[in-house]
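Here are some exercises to work through with the model open beside you. Try each task yourself before reading its solution.

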Amino acid sequence: MSKRQLAMVMDLNKCLGCHTCTVACKQLWTRDEGMEYMWWNTVNTMPGRGAPRDWEQMGGGFTPDGQARPGRLPKRAEFGEAWKFDHEGSYYGGQGDDSHLKIKDGSPDWGPNWDEDEGAGEYPNSFHFYLPRICNHCTHPACVEACPRGAVEKREEDGIVTVNEDRCRGYRFCQSACPYKKMYFNHQKKVAQKCIFCFPRIEQGVAPACARQCPGRVRFVGYRDDEAAPIYKLVDKWQVALPLHPEYGTEPNVFYVPPVLPASYGPDGDIDESKPRIPDEYLVSLFGPKVLDALATIKAEREKKRATGESELMDLLIAYEWKNMFGGFDRSPETVSVIRWRK
Amino acid sequence: MKAGYVPGVPLQGLLDAQADIWRQASSQVIELMGAPSGLQPTSAVRAQFPDGAIGAVKQVSVAVLHNGGELAFRLAWRDATADTGADGQDDVGFPDAAAVLFATRSNAPLMTMGAPGLPVSAWYWRADENGRGRQVTAEGLGTTQTVHGDQVHARGVYADGGWAVVIARSLRAQSAGAVAQLEMGAAASFSVAVWEGSHGERAGVKSFALGPLGGWHELVVDRKA
Amino acid sequence: MKLPHTNRRDFLCGAAAGAVALTLDLSLLRPVLAAEGVAKAARSYQDYRDVYREKWSWDEIGIGTHTCTNCASGGCAWSLYVKEGIVWREEQSAPYTQTNSSVPDYSPRGCQKGASASALYRSASRLRYPLKRVGARGENRWKRISWDEALDEIARELVTTLSTRGGAGAYVENGNNADFGPSWIAMVRFFTQLGIPITENFASVGDLMTGATATLGNPVPGGSSDDWFRTDYFVNWFGNPISTRIPDAHFITEARYRGAKIVSITPDFSPSAIHADLWISPRPGTDAALALAACKVIIDEKLYDEPYVLEQTDLPLLVRSDTRQFLRETDVVEGGRPECFAWWDEKKKQIVWSASSAGYDQDKRTLRLQPDDHPALEPQGVTVTLLSGKKVSLRSGFSILRDKLAAYDAQSAAKITGVHANVIRRFAREFAQAKSAIIYCGAACPKILHGDLVQRAQILMAALTGNNGRPGGGWQEMTFFELDGKILSAFVENVCDLKPDDPAGIWAALIQMGREQHESPTYFSGSMMRLEHAGTRSERLNPAYNDPTLPRTPEQFLKEALARGDINNYPGPELSKPEIIFNMFGNPFRHSRMGHRLAETRFKDARLIVDLTLRMDDTARHSDILLPTAGPYEKLGVKYSVAYPPYFHLGDKVVEPLGESKSDWDILALLAHRVAEEAKRRGVSTVTGYRGRPYDLTRTYERFTDKGRLNPEKAVELILELSPATKGITLEALRANKGVARYTGVSQLGKMWCGTTEDYKVDEPLVAFMDMSVRKRPWPTSTGRQQFYLDHSIFLEVGEELPVHKEPPMAGGHYPLTLTCGHTRWSIHSAWRDLDVLLHLQRGEPVIFVNPDDARTRGVADHDYAVVHNDLGQFIVRAKVTPGIRPGQVHIYHGWLSTQFVGGRDNDSICPSPIKVTQLAGRHGHINNDVGWYEVAQNDRDTKVDFRKHVA
């Protein structure tokens, strides 16, 4: 166990599916050679096959008695490649009206956001929502425990899980073991790479890019045990933020406020208040049985806020002051005297 | 077994696994066994590789030559797939690999890759780093570290359904680490290991040779040509 | 532990997408504290963590926003992180602090496009050098030329054309992706002074809400987005703000937590629908029936706000039974005031002339009723004797409305819309009973033929319930803090003579400018140019694609309107054969319906086509000379003043223009200079603009730069100094505050157009129409009220004097499916559409969203290519099969470039864009046919199609 643990809460009722988080992370960390196909932050439409495709069926994590559950390696095509496009040919190739900005090298059949806005169910009762994911920086990290070289480390001071790339030899047991499939393999450098919870920013008191850049104001950041900050209140006090797939046994430190969708319609076309648009069993399959209590709490507090104007929980989720979402990691990056590397 | 003395043959000559000198050298077929699942350092590895699932390569032909300055092992084994770890494919396979292991203390345990205070050293070749060898040392499972200071040369050729890999280093090591020190006329304890990439073998998941001397084989470095 | 040397190098190779090649060996690096600029401690590479610490480092930080981007969310403040002279990434600077503890703050504003803009501005499509066509037009064969070669040729051709045909020999295709600072000012100054007309495209792209102009006297009513947070009932209707107002959308999700009910009305289960409490999905194009049914419930159940209706709407005003026109004072009083309207006072038992009327005594105009005023909402048996002696009976608008609404009982509306009657009733009651309710009308609404009717019906809902002009309430689209200084700098030659401390002088300049523009407008209708001169006339006027109930053909309505001179800004025959076409800030091949036909018409006939452009696109491909323009980050710029965020946004010049590109200002200044020199060389002096105004061509540069006094920096200063909205804000202060400042007031033009309010306060959300609801200032309509009854002859002829529902037309032929469209989260129009990093997060190709049943019956599986077709042609596209799409609907998000489609034809190529005949009305009170105010718009959302599997 680390001395302290950083955590994140993502409010699915505020997630716009806009991928600003995804792009913020990409631009900051994963543009180098070998990293092009990596998206340490993903947002997928749920229900869906996600990224990598069908990751929930790939195994990993732990059995209820704490044994490693076998997992399989995701293939690159299941993540989706960083397709290249024929920009040159389409605009300078002399093709006239036949110019086509085509994908070079074939016709992909999956990508990191392939099933965007699809979901499940039948019109007019289809349902879907957006699920952003980063590394869960688990308290019981399967990747750390899987590595035969001890190359995946969990930081003592804040619980951030990183790959020691000096030590990693690319054996990829971590990739099979992670049940969330949030470990990536750099095929150029032959090392595993993953979300680092923006530790260089954290070290300077700045929230991770995915959180700080989120225009939907979805993400709360902070230490798990900071009772004065939103994380503790949402996870422990109000218990409306839950880990994804708790049955995987890794004890994630990313928590989700479950989504509430519009009312569903009965067969006659009138509103049917009796059953929620997202079937309870689907949400339970994602967030465990406590999700139903969380939804009930949110509903009750929303009514209370509407009626009285008062609710600590709703005020937290509204986040009147943006900076208060970050548990003290609210420094503006512009004020940071960064280490500048000079020749 | 013996390391034959071939004075005057330059290192580059030794590194050519298909050179005549190797054809003329005496070789020995050594049986390999899979590393035991129970000895794998993490439960994730053990879960993925239960007993019987490790050890795709069953035997390796070994020949050893030295030129008075450098000593070279030639390892050859049958392998239906050349797994070079080249990028661009789906690439869920792993690169084939091989190593020659040495006991740096006479009682260093082979099965556990050494133990604290009893290091095991190895010269290592991996198909995705073909041409560049690596010298490592370990004092137990999962503790392998690269040791700098000596150049290990390792070059493999895949032909006719098998690998032939030459792994060479100077007899005397320059680095201060716990690595093999060899000299003409002296004996050393060695073993070999092979990883079959298409079976997902990497790290401690490998075939290795279990010899008669506390697990080790003996190597005598010839003094005479 | 030490790494081998080679691996350390590997770790660091190639940082920012091939541009910032940081192939540095960390062992040679020393960390330096940026703020101090000196080495604090020599530290060599310790371990892998330093690779990441090094990545998050920079040489300097600049101020940026995405000025050349017509995103209607408005500005977002970004910090630009510069390494080795290149912006390698950007991050929101988030300087918006809470101004009012009852609403959330605006931080951090931004989206994924903004977060990848530095990649876009260095992407493969960006032009680096001037290019000249060497193949056929559209063929895409180019050679690199120098700026001298390019500008000399253009100047020569311009002088030739201007000296033979005058300004009418050229025109400017204009889009909205302008930097509304120096760049836009440069375009308007340059071409206005040469008398060369510019297309206006608010209506041309289909965004103009003529129903709002007709009803509220304002095409862009709205407020700031934090006002959404205060509402109790938020109705997203036709829009998709979760995707298209990304920086503002949190005010909706947060309003929901505050207890507001969120309703989303779209045929598909859209990204915005998932964040609603109630999703209503009418059959596409039947929204007016839904709104009118809701109005009927509100009236029948007496849920309307009667005092508000009597004071603020035209519903009590009297309408003549004989002509179906309003009773006007001129009808009954000799020398009566024109445009003066009346109600029946139920206590006085007489007609009272409404003090709100546009023709009422100007100093006494007000909405406020006097204590003894008792207007009757539904007077019975009122008659009047006309000047002619004829007696006619009169009815109130409300009374006529009640009759019209009889057709929209919930059951009938359910049959039309497919929405259950109980849902309609519930919606109506909840809306009416909410303390405040907003209808957020998306820009898809004006893109159906009868969008104006939908707007009028929606506004009626908001007015009946007293919501217009109420905090957290009202019918809204987007509005602007229009900046007087921007307009003046663009249109006034001697703008540098204006003094900030002389508001009267500034006002006089605005009036003078308005007069000149009325007499000799710079802008003409882009929508009508397409119709008249771009090969689309037969489709746009095809009666079969239009309202089948029209008594005459659309062409007859058009001819009559032109004969009456009702349409200002009409591109007449003088503009039919331009010799030179300029294109700036847009991509008309993409933003026009059937835009590809430009290639066979305008673009085929012209002698020279010049595109000032950031990038290669469909329009550039069909041009002759491409002048690469500097992007945001590379020039000083100002963001479009959309009012969702009530903040001014500056984009600074942080890095040098890419390659040889130059700012729009610099390009046009250079060209102005060469035109003047060329004119002198050839002895040409006086030429005439396209509306006949003479000017001296040799003074082009002098006039462009206001005698050398005007430059980009000065232009930004003028914008700030001459606009009351930015009073006290200086360029220096902006630079010290991340380029952002809260607007300090409302500009003169803003008062006229933008929410029509003076009551903006720096610590309160902006609310539209508080001037009317609180100050009782009359609405800018003929009646001075929210005007639901329109007595222009065309409206009367086609039965639209009051809002009604009309069936969507069979635009494109009789096909079973409706092609709907909408803005996407993934692009701002066609910008960002071809950016690799965002395409990776889609499917890399254009897709249509289709319902599984429609796909199955046509043998189309997910990701198959489909051919979507109708009378006009076809396009080929991937199918994305999803249950959130309504059966019968084929949905495509907009902005895909035609080159992204197999076969090179995009969805707009098969949209016939029929004209709405009531949009030909003009010279009738506030129904004045002018660009950007009230005109014929393009539309596409009624297009009928079918699709089949594509076999290559």
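The exercises below go from chain interfaces to a single chain and then to individual residues.

Before starting, note that this is a predicted model, where local features need pLDDT of at least 70, side-chain atom pairs count only at pLDDT 80 or more, and totals for chains, interfaces and linings use all residues. Residues are numbered from 1 along each chain as its sequence is written, chains are lettered from A and ligands numbered from 1 in the order in which they are written, and side-chain values use heavy atoms, with hydrogens and water left out.

**Exercise 1. Describe the interface of chain C and chain A.**

Step 1: begin with contacts, that is, heavy atoms within 4.5 Å. On this basis 138 residues of chain C touch 116 residues of chain A.

Step 2: turn to buried area, the accessible area (1.4 Å probe) that two parts lose on being put together, summed over both. Between chain C and chain A this comes to about 10900 Å², and carbon and sulfur atoms give 56% of it. Of the area that chain C buries against chain A, Tyr52(C), Trp56(C) and Tyr257(C) supply 9%, more than any other three residues.

Step 3: look for salt bridges, each a side-chain nitrogen of Lys or Arg within 4 Å of a carboxyl oxygen of Asp or Glu. The rule finds 16 across this interface. One of these pairs is Glu334(A) with Lys738(C), whose closest N and O atoms are 3.7 Å apart.

**Exercise 2. Summarise the fold of chain B in numbers.**

Step 1: count the elements, taking helices (H or I, at least four residues) and strands (E, at least two) as DSSP runs numbered from the N terminus. Chain B has three helices and 15 strands.

Step 2: check the overall dimensions. The C-alpha trace spans about 50 × 40 × 30 Å along its principal axes. The radius of gyration is taken over C-alpha atoms, and the globule rule is 2.2 Å times the number of residues to the power 0.38. For 225 residues a compact globule would have a value near 17 Å, and the 16 Å of chain B agrees.

Step 3: consider burial, where buried means under 20% relative accessible area, exposed over 50%, and partly exposed in between (1.4 Å probe, protein chains only). In chain B, 55% of the 225 residues are buried.

Step 4: among contacts in chain B with a separation of 6 or more, 67% join residues 24 or more positions apart.

**Exercise 3. Where does Asp484(C) sit, and what surrounds this residue?**

Step 1: Asp484(C) belongs to helix H17 (residues 484-491) of chain C.

Step 2: its relative accessibility is 0%, so Asp484(C) counts as buried.

Step 3: a polar atom of the Asp484(C) side chain lies 2.9 Å from the backbone nitrogen of Gln748(C).

Step 4: leaving aside neighbours within four places in sequence, Asp484(C) contacts several residues, including Leu510(C), Leu722(C) and Ser747(C).

**Exercise 4. Is Met35(A) buried or exposed?**

Step 1: Met35(A) lies in the loop between helix H1 (20-29) and strand E2 (42-46) of chain A.

Step 2: Met35(A) has a relative accessible area of 1%, and is therefore buried.

Step 3: not counting residues up to four places away in sequence, Met35(A) touches residues of chain A, among them Trp29(A) and Trp40(A), as well as Tyr52(C) and Lys55(C).

Notes
A polar contact is a pair of N or O atoms within 3.5 Å; within protein, one must be able to donate a hydrogen and the other to accept it, and residues adjacent in sequence count only if both atoms are side-chain atoms.
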